[in-house]
Amino acid sequence: MNVQRWISRRETNWKRFDELLKRIEKKGLKSLQASEIKEMASLYRSVSADLARSRTQQLGSTIVQNLQSLTSRGYNQIYQGSRRQEWQAAVEFYLWGLPAAIQQAWGYIACATGIFLLGAAIAWWYAWQDPAFLSLIVPEDLIRMVRDEHKLWMGSIVGTEPLASSSIAINNLSVSFGAVAGGILAGTYTTFLLFYNGLIIGAIATLVGQNHLAYPFWAFVLPHGALELPAIFFAGGAGLLIARALLFPGRYNRRDAFKYYGFQASQLVLGIIPMLLMAGTIEGFFSPSPIVPELFKYTVGMGLFALLVIYCQRQKG
């Protein structure tokens, strides 16, 4: 092989590849047009092949080192750069995309919240009218603990915080994903989960209220509930979006409706995962802690909820 002729024939590609790399390294991938990105990918394969050939033919350390440098820089920009873009896209979504998705699905989230609150109100009403109603919803041993021993059950978490936190997060995720997946059943299972969990909260809240333990109970619930309950409402809204695609596709055929509303639902799901993980951590480590003053727990819970409301109202300028 005539080395000089081969180098002169290939050198144009090397210089062009180096030029594109310098632009990306200074101004980022957005500085290239779509055609130039395709060209760069093609040049990367070509330069990589040239590097392999130069090593096989033992064309000299200078050429090998230059080509090695080019391919390494190309690899960093093509592969590591794509990972950076993925991280940037994730940050962009949680900064602006999720609040926009929540605002777009607000009607469905409000409906899910209403179903939950209806269950809570019914449980509260019947529990005050008929004390026997509580035994239909709340476990008997919990009723005896609150009514007879005048104690709450949260102390059992203390000392087992890591295990409790993980199990709580897993349980909350399973409930939320059940609410999302329940949309496939025309929203019936979503509605049932929301209503039933509302019944439970309403019944327990009435039980502790009747036994004058409401203040410490809500001191426990508010810090993690400020994130946990809205996350469940978001999950319910996602399930209702899927039900909408099934029952009322509107101007879309059902396949396109599932794509459209399913995409909105998936955005909500991406939002509830970190919310539930944070809520599980708070519920496992902070909410039951006996050394944290109850007033401070109320403050943290209301502060977290206020921040969540502000976050959900964010709009990209």
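The following paragraphs lead from the overall fold of this predicted model to one of its pockets and then to a few individual residues.

Because the model is predicted, local features are described only where pLDDT is at least 70 and side-chain atom pairs count only at pLDDT 80 or more, whereas totals for chains, interfaces and linings use all residues. Residues are numbered from 1 along each chain as its sequence is written, and side-chain values use heavy atoms, with hydrogens and water left out.

The protein chain contains 11 helices and 0 strands, where helices (H or I, at least four residues) and strands (E, at least two) are DSSP runs numbered from the N terminus. Confidence is expressed as pLDDT, the predictor's confidence in each residue on a scale from 0 to 100; the protein chain averages 84, and 89% of its residues score at least 70. Among the elements, helix 7 (residues 161-181) has the lowest mean pLDDT, 70, while helix 11 has the highest, 96.

Of the 317 residues in the protein chain, 42% count as buried, a class that means under 20% relative accessible area, with exposed being over 50% and partly exposed in between (1.4 Å probe, protein chains only).

On a 1 Å grid over the protein atoms alone, a pocket is an open set of points with protein on both sides within 12 Å along at least five of seven lines, and lining residues have an atom within 4 Å of a point; grid points are joined across faces, edges and corners, and the volume is the space filled by probe spheres set on the points. Its lining consists of 26 residues, of which Thr113, Leu229, Pro230, Phe233 and Phe305 lie nearest the centre. Helix 3 (61-104), helix 4 (106-129), helix 9 (214-247) and helix 11 (294-312) each supply at least two lining residues, and the largest share, 9 residues, comes from helix 9. By class, the lining has 21 nonpolar, 5 polar and no charged residues, where Ala, Val, Leu, Ile, Met, Phe, Trp, Tyr, Cys and Pro count as nonpolar, Asp, Glu, Lys and Arg as charged, and the others, Gly among them, as polar.

Most residues other than glycine have a negative phi. His150, in the loop between helix 6 (140-147) and helix 7, has a positive phi near 55° and is partly exposed, with a relative accessible area of 42%. His212, in the loop between helix 8 (188-210) and helix 9, has a positive phi of about 60° and counts as exposed at 70% relative accessibility.

Leu246 belongs to helix 9 and is partly exposed at 25% relative accessibility. Leaving aside neighbours within four places in sequence, Leu246 is in contact with Gly183, Ile184, Ala186, Arg254 and Phe258, and its C-alpha atom is separated by 7.7 Å from that of Ala257, 11 residues apart along the chain. Arg255, in helix 10 (residues 254-286), is exposed, with a relative accessible area of 64%; Arg255 and Ala245 are 10 residues apart in sequence and 8.4 Å apart from C-alpha to C-alpha.

Note on methods:
1 Å grid on protein atoms, 1.4 Å probe; cavity = no way out; pocket = protein on both sides within 12 Å on 5 of 7 lines; lining within 4 Å. Contact = heavy atoms within 4.5 Å.
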